[in-house]
Amino acid sequence: MEYTQLGRTGWKVSKLGLGGAPLGGDFGETNDREVEKVVHAALDLGINFFDTAPLYGRGESERRLGLALRGRRDRVILATKAVMRGDSYSYENTIRSVEESLDRLQTDFIDLIQLHELETCGEETAMSETLPAFRKLQEQGKVRAIGVNAGRVAMLLPFVQEGLVDTVQTFGKYTLIDHTASDILFPHTRGHGVGVIHGSPLAMGVLADSPAPFMANYQAKLQEGERRKAELAFLRQPGAGGLIEPAMRFSLGCPDIAVTLTGTTSALELARNASYCDGKGLKPELLEQVLSLFKGEAMV
């Protein structure tokens with residue numbers, strides 16, 4: 001397992017982190033025992049960064065992660081988010097959301113608290129309500145660091161440029177078919193010492209040849225993804241899922257990304273993805289070829 005520093009937090013984190021959406025059953029049925037097995041497998045593999053949210057399984061991901069980490073909490077950097085989808089991002093709701101997360105996670109503090117959906121919250125509410133609540137919780141010792149998440153990377157820039165956050169998280173924006181974060185976001189996070197967490201390196205399963213079920217609602221996006229994948233034939237390995245290893249190495253090898261998240265309840269799949277965290281990114285000539293494709297063309 002490779003490790004790096006998470007921005008200005010100074011924390012030593014595994015470059016591969018475990019994402020919590022599948023732990024709550026968002027991508028298929030699971031249970032407490034299966035989650036415990038994959039969490040313990042992650043720890044055995046050297047993974048020390050765990051990212052969840054109250055949204056995942058409406059609290060089930062946090063509850064199960066709290067159960068699985070009993071007696072091992074001191075071994076991990078634990079990240080979650082606020083608030084639950086459908087609730088406002090007001091100061092009071094944010095405080096309540098974090099307090100409820102602390103209970104479900106069975107912990108006295110959260111290492112990294114993140115604003116979950118900046119697109120839903122909006123910049124004004126984030127600045128005036130959500131972040132002040134995070135800072136209050138930080139003063140109380142209930143959270144250690146503050147982050148903000150968004151799918152549209154340009155929305156993150158004011159928070160980075162004004163020094164308001166320790167981390168940012170985006171998803172699917174440094175993949176083989178959409179690497180717009182490299183032009184829009186990374187020059188700023190690099191300059192301000194903000195740690196980057198990257199979710200969905202497989203583009204919601206598109207690069208694994210098995211899109212997440214909810215992607216059926218986005219047929220135009222799926223079609224565009226297939227078109228772009230056809231231009232990546234030079235990377236594809238034999239068999240189904242032939243772009244998984246190149247896609248994982250693409251994200252894991254990026255020096256601007258501190259943590260690449262993988263979401264799974266399969267210990268076997270987790271071990272496979274961890275095997276790519278060995279310091280060997282794409283070969284320079286292949287990396288250059290990938291970055292020459294779709295330049296500035298976000299998957300929308």
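Leu261 lies in strand 10, and a relative accessible area of 7% makes it a buried residue of this predicted model. Some 214 residues separate Leu261 from Ile47 along the chain, yet the C-alpha atoms of the two are separated by 10 Å. Strand 10 covers residues 259–263 and pairs with strand 9 in the parallel sense, over 2 bridges. Within this pairing, Thr260 of strand 10 stands opposite His198.

What share of its residues is buried? For residues 195–199 the tally is 5 of the 5, so strand 9 is largely enclosed by the rest of the structure. In a regular strand, side chains alternate between the two faces of the sheet. Here both faces of strand 9 are covered, with Gly195, Ile197 and Gly199 buried on one side and Val196 and His198 buried on the other. Strand 9 is also joined to strand 8 (residues 167–171), again in a parallel arrangement, by 5 bridges. Gly199 of strand 9 has Phe171 standing opposite.

The loop that leads from strand 9 to helix 9 holds two residues worth a brief stop. Met204 belongs to this loop and has a positive phi of about 55° although it is not a glycine. With 27% relative accessibility, Met204 counts as partly exposed. Gly205 is placed in the loop between strand 9 and helix 9 as well, but Gly205 is buried, at a relative accessible area of 14%. Between the C-alpha atoms of Gly205 and Met215, 10 residues apart along the chain, the separation is 9.0 Å.

Which residues of helix 9 are buried? They are Leu222, Gly225, Arg228 and Lys229. Viewed down the axis of helix 9, these buried residues fall within an arc of 125°, so they line one face of the helix. The face turned away from that buried side carries the exposed residues Ala220, Gln223 and Ala230. Arg228 also takes part in a network of salt bridges, where it is linked with Glu224, Arg227, Glu231 and Glu297.

In helix 1, Glu36 and Arg33 lie 3 residues apart, about one turn of the helix, and their side chains meet in a salt bridge at 2.4 Å, N to O. Glu36 is partly exposed, with a relative accessible area of 26%. A second pair sits in helix 3 (residues 91–105), where Arg96 and Glu100, being 4 residues apart, are separated by about one helical turn. The closest N and O atoms of the salt bridge between Arg96 and Glu100 are 3.5 Å apart. Both partners are partly exposed, Arg96 at 36% relative accessibility and Glu100 at 32%.

The third pair reaches across the sequence. Arg190 and Asp256 form a salt bridge whose closest N and O atoms are 2.8 Å apart. Because Arg190 lies in helix 8 (residues 186–192) and Asp256 in the loop between helix 10 (244–252) and strand 10, the pair ties together parts that are 66 residues apart in sequence. Arg190 is exposed, at a relative accessible area of 52%.

The peptide bond from Ala82 to Val83 is cis, with omega near 10°, and Val83 is placed in the loop between strand 5 (77–82) and helix 3. Arg58, although not a glycine, has a positive phi of about 50°. The loop between strand 4 (49–51) and helix 2 (60–68) contains Arg58, which is exposed at a relative accessible area of 60%.

Methods: Residues are numbered from 1 along each chain as its sequence is written. This is a predicted model: local features need pLDDT of at least 70, side-chain atom pairs count only at pLDDT 80 or more; totals for chains, interfaces and linings use all residues. Side-chain values use heavy atoms; hydrogens and water are left out. Buried means under 20% relative accessible area, exposed over 50%, partly exposed in between (1.4 Å probe, protein chains only). The arc is that of the directions from the helix axis to the C-beta atoms. Two strands pair if DSSP finds at least two bridges between them. A salt bridge is a side-chain nitrogen of Lys or Arg within 4 Å of a carboxyl oxygen of Asp or Glu.
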